[in-house]
Amino acid sequence: MTLPMIPQAQLIPDGKIGTDADYGGLKIVRYQTDQNARETYQANRFEFQHEQARRNTIPGVVLSRSGADPLHRITAMMHLSLRQFIEFVHYDPSNPPMEDFEALGMKDAHDQTQQDFRGAKKDNLANYKQYLIEAIRGDRVAYLPPVTGWQSPATFDETIFVALDESNPAALYGVLYLPKKPIMQADGQTQTAALFQAARTGLAIKSGALDSFGITMEVELKVDIQAAGQSFADRNGRGSKKNKNLVAQLDNSSALAQIRYKAIQGTVFEGRLADGRTGGATETATKNIVDLSTLDQMLLQVISRGTKKAEHIKHYHIEHLLPYCREFIELLDSTFASQWADPTPRNSEPYRRLYVHGWAFALKAMAMAFHDCHRDKVAPLSQPIGTAVEGEHATTAEAEAAYLAAIQDLNAEAPESALAPAEYAMRLRKIDWHRYRQHWIAITGFKLDRKTGKKKTREINDGDGSKLKIVEGKAENTAATIGNVANKILSPRWVELTSAVNAK
């Protein structure tokens, strides 16, 4: 007995689908404008239409290219049910699936996410889940921002979009065939984890919320870990945000971030900056000298005495400002690196317990004083920054030309420096920086013993195997304290800071 031959239609392989350079090389089927493509799609003769096990089929998607040419972001905005969201995202950041994250180009993002959920985000997760449950019950309206996700370049070649409406070349409407691989979150991790947990509740199942609860998600395509980090920084770094250190750590493209990176290379600060994940800069912590946010504020003090903001610094300012920022960091490195010991030496104390120069207020004060010692050179560079002189110009080239012209005009009337830089460096070396000296207690004030209402004292290791009773000084990071310290260092009476007399 012979079996009859079952004819099979020849399928169009994925490799034959045209790519669009305007959309990052994405494979796009032009259903609306290409009759042959439309007929082929209607006849189910594309190979990807028969590969449902490999891709999620998502209708009603707006594919757009956002931002400025040639650095467009390729994003897909989709509106999903809770069930679809769980199935498509696949990645619960608080309880991730077993995947080859190394091969997907997501290893660093995966590890970073898990570290996050051992900290503050874990505490927020329960509250967010409860918020969603209340919304499912009908107790409140769920005001949820779009979840921002991304997939790595490793999955981009398998991604296909069928354009049903091409009337707007910058935003196509159609069906997205997205590889069934995890979608990492550039922003909205806590919300995503809470949605996964809410979806597993009996309430969500019994109420039909799996299919009726709507979620908006934007997925950025062809994104690596650096771009994902920059996306987070840009979304969270404008205005006042809760975690400035995390934003600063992920921000790698802003002008100030580049100045910071280049200024600390090869110095004691490299690898010893608190970023919101790696511990802080507390009295007993010794690994991190300062946090990223404070370092940025120090650099802004060097540049402008704190009158300019990070967003005012542009890339064409870098070459003019970096030398002074680098000089300041190198000065701190040569003066204090030996005292910023990690780990703490035997029979000694953590350096912030011993020295004023380990605290943010003192570092900012030194940066402020450094600016004053270089203001004959730095002030003309900083004064035009962020002013209408630059802002009124439409292009970078025009703004840079205006900036350079303003520098030339201001150089002629630059203020005199408060102190010769060499004299300033000498003073930093001569000053006695022990926190418990009488001159520092006079500036910073002392802590109060809550029981007695008197000066708070404690015994510390003196480094020689003995104990020393000291008065505990404050370390308040206030504008008044910062200004007082800077002014004292630059004043004719600076020599009073060299005294070895302890407070009593």
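Buried means under 20% relative accessible area, exposed means over 50%, and partly exposed lies in between (1.4 Å probe, protein chains only). The model is predicted, with local features needing pLDDT of at least 70, side-chain atom pairs counting only at pLDDT 80 or more, and totals for chains, interfaces and linings using all residues. Residues are numbered from 1 along each chain as its sequence is written, and side-chain values use heavy atoms, leaving out hydrogens and water.

**Exercise 1. Find the salt-bridge partner of Arg458 and say what the pair ties together.**

Step 1. The partner is Glu283, with the closest N and O atoms 3.9 Å apart.

Step 2. Helices (H or I, at least four residues) and strands (E, at least two) are DSSP runs, numbered from the N terminus. Arg458 sits in strand E12 and Glu283 in the loop between strands E10 (273–274) and E11 (290–291), so the pair links parts 175 residues apart in sequence.

Step 3. Arg458 is partly exposed at 26% relative accessibility, whereas Glu283 is buried at 16%.

Step 4. Salt bridges with shared partners join Glu283 and Arg458 into one network with Glu349, Arg353, Arg435, Lys447 and Glu472.

**Exercise 2. Describe how strands E12 and E13 pair.**

Step 1. Strands pair if DSSP finds at least two bridges between them. E12 (residues 457–461) and E13 (residues 467–471) have five bridges, in the antiparallel sense.

Step 2. Asn461 has Lys467 of E13 as its bridge partner.

Step 3. Five residues lie between the strands of this hairpin, where Gly463 takes a positive phi near 90°.

**Exercise 3. Work out which residues line the second largest cavity.**

Step 1. On a 1 Å grid over the protein atoms alone, a cavity is a set of points where a 1.4 Å probe fits but cannot get out; lining residues have an atom within 4 Å of a point.

Step 2. The lining is made up of Glu283, Arg353, Arg435, Tyr436, Arg458, Ile470, Val471, Glu472 and Gly473.

Key
On a 1 Å grid over the protein atoms alone, a cavity is a set of points where a 1.4 Å probe fits but cannot get out, and a pocket is an open set with protein on both sides within 12 Å along at least five of seven lines; lining residues have an atom within 4 Å of a point. A salt bridge is a side-chain nitrogen of Lys or Arg within 4 Å of a carboxyl oxygen of Asp or Glu.
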